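Please find below some notes on this model, arranged as numbered points. They are meant to be read with the coordinates open.

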Amino acid sequence: MKKVVFRSRWREENPCWTSFHEYYGFTPFYCEPGLRGAHEKGGVEGQVGYFRRNYLTSVPQVDSLDELNARLAEFEAKEDERRIGARMRTIARDFAREAGHLLPLPDDPFAAGITLTPRVDRHGVITVKMCRYSVPVRFIDRKVTVTLTCDDLTVYDGRREVARHRRLTGRGAEHLVLDHYLEALLTKPGALERSEALHQARAEGTFTVVHEAFWAAAKKTLGDIEGTKILVKVLLLHRHQQHADVVTGIRTALAAGTFNEDVIALEARKAVQAAGRAPTVTASAPPRNHWIRPRPRSHPSHRVVSPVLCPPISVPCPAWSSGTSCCGFDGRTHHDHCPSRPDRTGIGRGDRHRLPAAASAHHASPGRRHDRTG
């Protein structure tokens, strides 16, 4: 509540609470404040005290919120078998009789998070509530939509999920995902060795000792620059194949003395087929409660804008020499898999610096002025 109106039952509600009870279709009842309303609460607060005394004293020692929730679920299962007073039926049986009289739940759970629209800085990082999170570098200098809940942070480009992080609680904390920077590291491989993203990947265990051994052997054989580029291409395989399968492919390649990423991908597929699993990682939709609800048609974001289209470009993404796009989709041109808002020349604002020289010349020649009348 935001405010108690004249010490009565009337309340000035928080907008999130109003959205919650309207979404689930119930009408809240407010007690009178102070001693006048103490008798109106029934046994609700008494049951809270009962649960605290029997299950939360002494205070449970857990390592995460998920572990605490798992313990609470066990406590609730015990309570289902309890009888209140002299009743003949247990709590679970009473609830089963009552459930038929309750309203059905909506198909989609209520999204309790807040929505923000930060801009991605030049380091591929967004700042939310004094904490910093990485996003793929192709979104640099663009606004993204963020859904922030008590547990996690989800980043969307339109309605497509592009990043997900566990929510940080410390002021100034930072979480960087190495996968978000791989396209940039192909052009600047020297930045990998001392990067914070690599340090965090080592701490989280996603960059394993097998990756370290492969990187050291590649640099010794091919040199620092080429060896690092080969490692980055191998890391890109994790977008299409399971982590453990790629690690198996790296071990096999090291034993054979080869550093070809295609060989590693093939060996990873062999490991998957031997285990009888699907050879690739399939993209799945985010959980339904994480989808961003569409805004009303009257919202300014629904105004129809006719974009200026440019002719298709058949030049592959410059970050690859093997024919795979930087965004992880095979056989598409740069404009197909890296959409962005087009400017007056027809090129997205974030695309101009990523196109090769030939593709840039296709759209605009030096000295040509593009004004609003052109």
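1. The secondary structure of this predicted model comprises 12 helices and nine strands. The protein has 374 residues, of which 32% count as buried. Among contacts with a separation of 6 or more, 48% are between residues 24 or more positions apart.

2. The largest nonpolar core contains 31 residues, and Leu178, Leu192, Phe207 and Phe214 have the most contacts inside it. At least two residues of this core come from each of α5 (182-187), α6 (196-204), α7, α8, α9 and α10. Helix α8 gives the most, with six residues. A second, separate core has 14 residues, including Val120, Val135, Phe139 and Ala163. As general background, nonpolar side chains tend to be buried together in soluble globular proteins.

3. Which residues does Phe214 touch, leaving aside those up to four places away in sequence? The list consists of Ile230, Leu231, Val234, Ile250, Leu254, Thr258, Phe259 and Ile264. Phe214 also takes part in the contact of α7 with α8 and in the contact of α7 with α9. These two helix pairs are treated in the next points.

4. Helices α7 (residues 209-222) and α8 (residues 224-236) have axes that come within 7 Å and cross at roughly 145°. This crossing of α7 and α8 is right-handed. On the α7 side the contact is made by His211, Phe214, Trp215, Ala218, Lys219 and Leu222, and on the α8 side by Asp224, Glu226, Gly227, Thr228, Ile230, Leu231, Val234 and Leu235. By class, the contact of α7 with α8 has eight nonpolar, three polar and three charged residues.

5. The axes of α7 and α9 come within 10 Å, with a crossing angle of roughly 40°. The crossing of α7 and α9 is left-handed. Helix α7 contributes Val210, His211, Ala213, Phe214 and Ala217 to the contact, while α9 contributes His243, Val247, Ile250, Arg251 and Leu254. Sorted by class, the contact of α7 with α9 has seven nonpolar, two polar and one charged residues.

6. How far apart are the end C-alpha atoms of α8? They are 19 Å apart, which agrees with the 18 Å that its 13 residues should span at 1.5 Å a residue. The buried residues of α8 are Gly227, Thr228, Ile230, Leu231, Val232, Lys233, Val234, Leu235 and Leu236. They pack against α5, α7, α9 and α10.

7. Helix α9 (residues 243-256) passes the corresponding length check: its 14 residues should span 20 Å at 1.5 Å a residue, and its end C-alpha atoms are 20 Å apart. Asp245, Val246, Val247, Gly249, Ile250 and Ala253 are buried in α9. The buried residues of α9 pack against α7, α8 and α10 (261-275). Just after α9, Gly257 takes a positive phi of about 75°.

8. A cis peptide bond, with omega about 0°, joins Thr57 and Ser58. Ser58 is placed in the loop between α2 (44-55) and α3 (65-80).

9. Positive phi values also occur in residues other than glycine. Phe6 has phi near 55° and lies in the loop between β1 (3-4) and β2 (11-12). With a relative accessible area of 79%, Phe6 is exposed. Lys129 likewise has a positive phi, of about 55°, and its place is in the loop between β4 (125-128) and β5 (131-134). Lys129 counts as exposed at 54% relative accessibility.

Terms used: Residues numbered from 1 in each chain as written. Predicted model: local features only at pLDDT ≥ 70, side-chain atom pairs only at ≥ 80, totals over all residues. Heavy atoms only, no water. Axes fitted to C-alpha atoms, helices over the stretch in contact; angles between N-to-C directions. Helix = DSSP H or I, 4+ residues; strand = E, 2+ residues; numbered from the N terminus. Left-handed = near helix turned anticlockwise from the far one by under 90°. Contact = heavy atoms within 4.5 Å. Nonpolar A, V, L, I, M, F, W, Y, C, P; charged D, E, K, R; others polar. Expected span 1.5 Å × (residues − 1). Buried < 20%, exposed > 50% of the residue type's maximum accessible area, 1.4 Å probe, protein only. Core = buried A, V, L, I, M, F, W, Y, C linked by side-chain atoms within 4.5 Å.
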